[in-house]
Amino acid sequence: MRGNEGRNNHSMLLCLACYEDRLASVFDNAPDLKLFRVEDNKICPAGYLSLPSKDPKDRTSAIMTCGATFLICGAICGCTMNELEQAGIRVLPWIRGMIDEVLSAYQQNCLENLVMPGCRGRGRCGQGNRGFRARKTTQEAMHPDGPTLNSVQRSK
Amino acid sequence: MKFPSNLPCSAVLDSLADGVFTVDRDWNITFFNEAASRITGIPAKEAVGSKCWDVFHSSLCDGDCALRSCMKDCGRISNKSIFFIHADGRKVPVSISAAPLVDAEGKLIGGVESFRDLTDIQMIRREVEESWRFEDIIGKSAQLGKVFSILPQVSKSEATVLLLGESGTGKELFARAIHNLSERKHGPFVAVNCGALPDNLLESELFGYKAGAFTDARKDKAGRFELAAGGTIFLDEIGDMPAKLQVKLLRVLQEKTFEPLGAVQSVKTNVRIVAATNKNLAELVEEGNFRQDLYYRLNVVTLNLPALKERVEDIPLLINHFVNRLNALQGKEIDGISEDTLHILMRHPFPGNVRELENILEFAFILCPSGFIQVEHLPEYLQPQAKDTAPHEDTPLTMDEIKCIAVRRALERNNGKKMATCRELCISKDTLRRTIARCENIDA
């Protein structure tokens, strides 16, 4: 994984498309990207990026330039989704919630609870269930024995 | 006849074709009608109780919420074009209207938003737009319609065509259309700007030369007439052609032969000629600057291309066409232009015609990051401020006149919203009302 290059095997850069202190409703319009380094059993803030351009290509490049390869976001247009996936970025879309809430759910491996309305019970909207499989694969790789973190351990 | 008292309001709203939802003051959805479920793909039972931005996921949800602005200013928004992302990942164009919800005592309790799916309308619009396109030429005006109606017959004939029109009216586009619609469409289309080349160079460019014709002419060089064999040659700015070349061109037209520079034998040519000029050739003939016999030879079929100011109704179509093209070329997602920007462009006299419009939009694309092109993205000479200040530069203004200009501009910036204007200018509603009334008297 590109985000892990040069670091230990349990490190990954997570990218959240945000509006203020919540996940942006629409990735294609999200004004900010917040980066978090997931290392062993901790999630640390790793940067912030303001996105002036709405061009999907610019957004993909911005995420790649940061070194992030895993994105959690809200609603996303199918074309933008393809663009990101073709660039090797794993996307977990159609998630809602405040940043803390999302990070906490990520740690506890229960992001499914934050799926946007209309997507629960029938896989991820639009693209089958690939997002969750990608998410689980990533976490399984990070925590083969299941999630071990709790919110107290998470550093901000 | 009275409205049935036992009919619940939700039943009425569910029978509408437009999507409707309401929110409380904390942005939780309190009602989601059937059409809203159908259009968004989200069941009402899942939508109700969720935050509206998690359900509607529209282009306004992150920072530019229509409902928020309505509830803040106690105003209304109607027919604003936006898009939302459908649960299946499609971008759905919708037109929204929003208003605050107040209870019986006039207390704000939330907001209501209705939305209409524009997908079908956009599809129909696209089909209609195609019917207004002739090759690469866009327009629905009567003036252009006349040209469109005769263009196929003209193209099919082998007649020499003279295109007349101001600079920037798209003469080359018409020449290409004539070529593409003719039997010669599989042959080459060669364009030469007669005004852009020096006289001696133009001759060798058009007719070529033989080795030894002049110093440095080491080997034969084919001219544009030879390169265009079997196709069409487009001679732009024919009015600028020097007199001695006019004779040579006349010979091409009459005898279908020409002699390259330094050649001893004539070369046969099989080329259709389309000429164009923005000058009045008849006047040039009268002044003795253009050969009369050549003029009559060229003037077999004349097409007068209307200036853009004569076909104002084509401006929105052309804007749409250029926005789509620039989006594709630059990988941007500009939605179009705002209404006030369109008003400015519709009133502009366009001395540079379609080319000027294209340049304006190219400029706006540099400044506009996304969404709709706004007035501030236009070149400075089109900005309303520039027009307002220009006549006043040398004339002193009274305090009242200055106030009027400030109010007018603030109203324009805030799309006519008075409360927002008051906030920007730090004045009360009454002061704004009095100032507007005074300005109307001054203007009168």
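Analyst: Cys404(B) and Cys439(B) are both buried, and in this predicted model they are joined to each other by a disulfide, with a distance of 2.1 Å from S to S. The link between Cys404(B) and Cys439(B) is left-handed, with -110° about the S-S bond. Distant parts of the chain are brought together by this pair, since Cys404(B) belongs to helix α18 (residues 399-413) of chain B and Cys439(B) to helix α20 (residues 429-443) of chain B, 35 residues apart. Over all chains the count is 1 disulfide.

In chain B, Cys194(B) counts as buried because its relative accessibility of 2% falls under the 20% limit.

Elsewhere in chain B, helix α9 (residues 199-207) has as its buried residues Leu202(B), Glu203(B), Ser204(B), Glu205(B), Leu206(B) and Phe207(B). The cover over the buried residues of α9(B) includes strands β9 (189-193), β10 (232-236) and β11 (257-258) together with helices α10 (224-227) and α11 (243-255), which belong to chain B. After α9(B) comes Gly208(B), whose phi is positive, near 75°.

The second largest pocket has a volume of about 530 Å³. Its lining consists of 24 residues, and those closest to the centre of the pocket are Gly168(B), Thr169(B), Gly170(B), Lys171(B) and Leu173(B). Two or more residues of this lining come from each of β7 (137-138), α8 (171-181), α14 (315-330) and α16 (353-367) of chain B. Sorted by class, the lining of the second largest pocket holds 7 nonpolar, 7 polar and 10 charged residues.

Of the 156 residues in chain A, 55% are buried, and among its contacts between residues at least 6 apart in sequence, 57% join residues at least 24 apart. The accessible surface of chain A comes to about 6600 Å², with 48% of that area belonging to carbon and sulfur atoms.

Notes
Residues numbered from 1 in each chain as written. Chains lettered and ligands numbered in written order. Predicted model: local features only at pLDDT ≥ 70, side-chain atom pairs only at ≥ 80, totals over all residues. Heavy atoms only, no water. Disulfide = S-S within 2.5 Å. Helix = DSSP H or I, 4+ residues; strand = E, 2+ residues; numbered from the N terminus. Buried < 20%, exposed > 50% of the residue type's maximum accessible area, 1.4 Å probe, protein only. Contact = heavy atoms within 4.5 Å. 1 Å grid on protein atoms, 1.4 Å probe; cavity = no way out; pocket = protein on both sides within 12 Å on 5 of 7 lines; lining within 4 Å. Points joined across faces, edges and corners; volume = space filled by probe spheres on them. Nonpolar A, V, L, I, M, F, W, Y, C, P; charged D, E, K, R; others polar. Areas by Shrake-Rupley, 256 points an atom, 1.4 Å probe, with all protein chains shown as cover.
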